[in-house]
Amino acid sequence: MHQLSHRNFRHALWAGIAIAALLAGCQTTQTPDKAPVEERTPSPGAAAAPGAGTAGTTGTGVTGSATGTQGNPLRDPRNVLSKRSVYFDYDSYAVKDEYKPLIEAHAKYLQTNRTARMAIQGNADERGSREYNIALGQRRADTVKRMMLLLGATDSQIETVSFGKEKPRNMGHDEAAWAENRRDDVVYAGE
Amino acid sequence: MLRRLRFFATLAWFTALVLGLASNPARAQLTIEIIGGGGTTVPIAIVPFAGEANYPYPLTGIVGADLARSGLFKLIDPAGVNPRPARADDVRFGEWTARGADAVVVGSVTPQSEGRVEVRFFLLDAVKQTQLAGFSYVVAPSQFRATAHKIADIIYEKLTGDVGVFSTRIAYIAKQGPRYELLVAEADGYNAQIIVTSNEPLLSPVWSPDGSRIAYVSLENKKPIVYVQSLATGQRQVLANFRGSNSAPAWAPDGNRLAVTLSRDGGSQLYLINADGSGVQRLMSSAAIDTEANFAPDGRSILFTSDRGGSPQIYRLTLGTGAVERMTFDGSYNVSPRHLPDGKGFVFVRRDGGRFNVAIEDFATRQVQVLTQGASDESPSVAPNGKLILYASGNGGRGILAAVSSDGRVKQRLTAAASDVREPAWGPLPK
């Protein structure tokens with residue numbers, strides 16, 4: 001009769017744990033398959049300096065799609081177009097003057113690149129009703145979109161969505177964290 | 001060949017074991033503790049049923065736990081009464097009033113055919129020396145938990161005059177690291193079942209009036225989308241995925257339509273939609289944020305949150321006339337309205353001095369009473385008997401659930417061992 005050897009046992013144990021760990025990492029039944037969307041994480045504190053808007057209209061050519069590496073203004077850290085976040089005061093969706101050059105630069109990019117598309121993702125800090133914060137984030141996104149439409153973008157190029165308070169960038173519970181989470185992020189299609 | 005077979009058998013066993021531990025919903029199971037009792041409690045003795053100890057399933061223990069957790073009962077220890085009564089006729093009332101009990105519950109479990117048993121119980125008023133209730137059920141012992149909840153419901157109703165909610169279920173969201181789960185558990189927190197799991201946020205679960213479906217919001221596609229999912233089959237369909245954000249589902253009392261908040265036409269506005277996603281119909285047009293719709297029990301009006309007056313407040317829309325009336329006037333932030341099931345008022349969340357608390361307003365008097373004292377309380381959900389309000393609590397730290405009675409006296413805390421829990425939704429009474 002054949003006993004399970006100690007060595008076989010240990011192999012089975014570790015192989016089983018490895019397989020289980022692999023399987024446990026997968027989604028369980030209810031979440032449907034979806035094309036993986038890369039998480040966009042704009043660099044923190046990405047406020048445009050006043051007057052930086054002019055830098056985006058000179059230098060490298062503002063053509064082509066949002067993807068690509070060399071010479072892509074959307075990714076060039078020296079270009080205001082790489083700045084993607086607009087920050088808001090508490091309970092507010094008013095756009096502060098310091099962000100207007102950034103918004104104008106992105107609007108002009110859309111105007112020049114008619115096939116370019118973006119999503120503006122609105123966010124709120126962690127305080128208050130989840131659903132009201134979805135609406136507040138939506139307001140913040142819509143406000144920036146409206147400005148971009150006035151500056152040359154077209155409606156079909158911009159979708160506005162809200163994450164409410166569900167996807168904070170800063171997990172803290174203080175004023176600094178809240179300020180960082182009250183923001184819009186601009187994400188171009190294909191990013 | 002045999003050695004290889006044994007190898008794979010052992011492999012399969014270990015895989016199953018580790019997998020079972022990894023995806024165990026018990027991590028998000030709720031523990032409920034009472035931290036504040038009602039003004040007056042009914043002292044009640046629950047005598048273990050004759051024959052109950054022969055089965056591996058608890059019965060009277062669950063009845064007692066249900067009643068104690070309601071905050072309205074004080075359990076009197078039945079120890080020392082010999083012989084233990086199992087029938088109404090066996091109860092000597094003086095023995096029980098001497099122990100301070102106003103009410104006594106006795107019963108028995110007797111085997112029937114095919115492994116089933118008859119559970120028989122009696123509820124007696126020890127002071128008036130009368131029988132208040134007597135019922136029997138023929139069940140499999142594996143159904144003892146559900147039977148205990150039914151017994152507790154009957155005792156609760158006979159002694160308080162209100163419908164019991166021990167046989168209901170609650171839904172809630174649990175977050176552990178990057179993983180979100182929508183769970184449904186019995187009202188005492190047991191038997192949590194995972195309904196949805198996702199690596200992106202889930203929020204706003206709401207039960208259909210018949211308890212067969214749950215609508216919820218998911219961010220899995222990088223925008224809020226509303227789904228309706230059947231609990232029996234696990235199948236779900238998209239209710240609303242229009243351009244922009246889709247959120248804040250609320251069932252109409254007939255279960256055929258929902259109100260939702262959509263940004264497809266600009267801003268956040270209220271719409272009606274059929275439960276299959278067809279027939280979108282705009283409810284109102286405003287230049288404001290309109291969201292968080294909640295139907296009145298008679299289906300004729302909707303409470304909602306709007307900032308049309310300059311700050312988020314609660315308004316009521318009468319569906320027949322289209323008239324809109326403001327309902328909250330204190331403070332600069334009143335949101336998340338939920339009707340009481342008797343239609344006489346609503347609970348909501350108000351911000352005062354930087355703190356968010358659950359409050360209740362009476363329609364007739366317009367009086368407001370603040371019910372909770374946490375720093376950031378949100379998402380109230382009312383029990384179908386109107387007596388308890390579940391809500392989410394947490395001060396930036398770990399999220400827990402809590403419950404408060406509609407008069408503010410009874411307080412419960414509901415925690416999950418390894419998860420942040422939020423967004424509770426109390427299910428309807430079973431049919």
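Two strands are taken to pair if DSSP finds at least two bridges between them; strands (E, at least two residues) and helices (H or I, at least four) are DSSP runs, numbered from the N terminus. The model is predicted, so that local features need pLDDT of at least 70 and side-chain atom pairs count only at pLDDT 80 or more, while totals for chains, interfaces and linings use all residues. Residues are numbered from 1 along each chain as its sequence is written, and chains are lettered from A and ligands numbered from 1 in the order in which they are written.

In chain B, strand 11 (residues 213-218) and strand 12 (residues 225-230) run antiparallel and are joined by 6 bridges. Within this pair, B:Val217 lies opposite B:Val226 of strand 12. Both strands belong to an open sheet of 4 strands in chain B, with the order 10-11-12-13 and antiparallel pairing. Strand 10 (202-207) and strand 13 (236-240) are the edge strands, each pairing on one side only.

An automatic or database domain assignment divides chain B into domain 1 (30-160) and domain 2 (170-426). The centres of the two domains, taken over C-alpha atoms, are separated by 35 Å. With contact defined as C-beta atoms, placed from the backbone, within 7 Å, 14 residues of domain 1 of chain B touch 14 residues of domain 2 of chain B. On the domain 1 side, strand 1 (30-36) and helix 2 (60-69) of chain B each supply at least two residues. Strand 1 of chain B provides the largest share of that side, 7 residues.

Terms used
Two residues are in contact if their C-beta atoms, placed from the backbone, lie within 7 Å.
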